[in-house]
Amino acid sequence: MAKTYSSATPRTDKAQGGAQGGARPRLHYAWVVVAVTFLTSVITAGTLGTAGILLLPLQQEFHWRAADVSSAFGVRLALFGLLGPFSAAMMNRFGVRRMVTIALGVILAGLIGTLFMRAAWQLFLFWGVLTGVGVGLTATVLSATVATRWFVQRRGLVTGLLSASNATGQLIFLPALAYVTQAYGWRMTIVIACAGTTAAAIGVTLFMRNHPADVGLSAYGDTAPPAPTQPVAHPPLMSLFTTPLAVLKEAATVPTFWVLFFTFFICGASTNGLIQTHFVPLCGDFGIVPVAAAGVLAMMGVFDLFGTIGAGWLSDRFDNRWLLFWYYGLRGLSLVYLPFTTFNLWGLSLFAVFYGLDWIATVPPTLRLTIDRFGRDRANIVFGWIFAGHQLGAASVAYGAGLTRTLAGSYLPAFFTSGLLCLVAALLIITVRKSRFPDAPAGAPGLGTTA
């Protein structure tokens, strides 16, 4: 009978997913790490995706303006992105399991503090700064790190799966949380979020591993035998700050980096900062109750799961530049179409399907282009900087749309603007030249090459 492998059992080169021609294990431990990462992302994203359903209750209870609440949510989104490159360096230095556990602890502290807030500056501190730092210590960099370290084959598929877990978690639980908020108040929603974050921390502590070598394996699909685990000479702590900056300095000389950065800025401006934060209040302006609006978001989450996993599968097989051209173009058209739905059931359902399939389908091909251009060794740090662009775009629109609502009485200008920016991104991404280093292995040339 075939054996299954636990984290405590060292393996020989026969345990590489069939790469060495020996007996195939029942389950490569890489898939256990994917499962833990997936569930953690779903729980944390579901927790932090409650911003849209908390906006109105917080305004009503504390008499805060939409711009005031949106500014705290914007800070969280900005920190989510800006800490990504440094998070990648910390994961490389201290290990994935330790950093994710610390991050979940910081998120939990922010959530608990939110339960007792009474002033807008406390919302800014607990929900903006603390939860922003917590999610920033993992960010999408966690998915990129797991996919890059643990997989040679199926990397695009895994990236799509883990990206989908983040976006789907933000959306699929919203109807239930909106009902809880409506029936029992927003504090009960925060209590549920605390319980979920605690469960995620327990799962990471028990099952997450830092490298395939920790369980005596090579990466999934790697033909090389597993490297023995050896003591690592850790660089000075200052390198946690200097290394990401040095990588940015080198990457900034490559035009492709800036194309990916600015297109991902637009990606964030048209997803997290816009739909996740302001879709429920937008629907409220048209007489749609929060539970029903959250149901539309949940529908987007279901279709995103298929769309993003499909995007990962496609990114292993087709030119990622043209995939991104279609993703950005179709997303832009869907956002321009939204105000013409008249916000009836049929129109919103069509939007949810069309937009949901493309919610975060841009992540797998963007990561794949990053690995192709910059190599596996530095891909997670470079992608961290690119993701910083994503979250700066999200933060800008999270605040900007709230300001538009406060000053002009409507969210629609922000939705039109984001849709047009997506069309710009579609044209911008096809200016990237085809990679000279497809499937770049660790240490492959990347930094310093031309676009």
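Predicted model: local features only at pLDDT ≥ 70, side-chain atom pairs only at ≥ 80, totals over all residues.
Aromatic rings are considered first. The count comes to 19 aromatic pairs. One of them joins Phe 286 and Phe 343. The two rings are stacked, with 4.0 Å from centre to centre and 10° between the planes. Stacking is assigned because planes under 30 degrees apart fall in that class. The pair links distant parts of the chain, its partners being 57 residues apart. Phe 286 sits in the loop between α13 (272-285) and α14 (290-315). Phe 343 lies in the loop between α15 (320-337) and α16 (345-356). The partners were also assigned by accessibility. Phe 286 has 42% relative accessibility and so counts as partly exposed. Phe 343, at a relative accessible area of 7%, is buried. Elsewhere, Phe 257, Trp 258, Phe 261 and Phe 262 make up one aromatic cluster.

The helix contact involves α5 and α6. Two packed helices are described by the angle between their axes and the distance between the axes. Helix α5 spans residues 96-114 and helix α6 residues 120-136. Their axes come within 7 Å and cross at roughly 165°. Angles over 145 degrees count as roughly antiparallel, and α5 and α6 are therefore roughly antiparallel to each other. Their crossing is left-handed. On the α5 side, the contact is made by Ala 103, Val 106, Ile 107, Ala 109, Gly 110, Leu 111, Gly 113 and Thr 114. Helix α6 contributes Phe 126, Trp 127, Leu 130, Thr 131, Val 133, Gly 134 and Val 135. By class, the contact of α5 with α6 has 10 nonpolar and five polar residues. No charged residues take part in this contact.

How values were computed
Residues numbered from 1 in each chain as written. Heavy atoms only, no water. Phe/Tyr/Trp six-rings, centres within 6.5 Å; stacked < 30°, edge-to-face > 60°. Helix = DSSP H or I, 4+ residues; strand = E, 2+ residues; numbered from the N terminus. Buried < 20%, exposed > 50% of the residue type's maximum accessible area, 1.4 Å probe, protein only. Axes fitted to C-alpha atoms, helices over the stretch in contact; angles between N-to-C directions. Parallel < 35°, antiparallel > 145°, perpendicular 65-115°, else oblique. Left-handed = near helix turned anticlockwise from the far one by under 90°. Contact = heavy atoms within 4.5 Å. Nonpolar A, V, L, I, M, F, W, Y, C, P; charged D, E, K, R; others polar.
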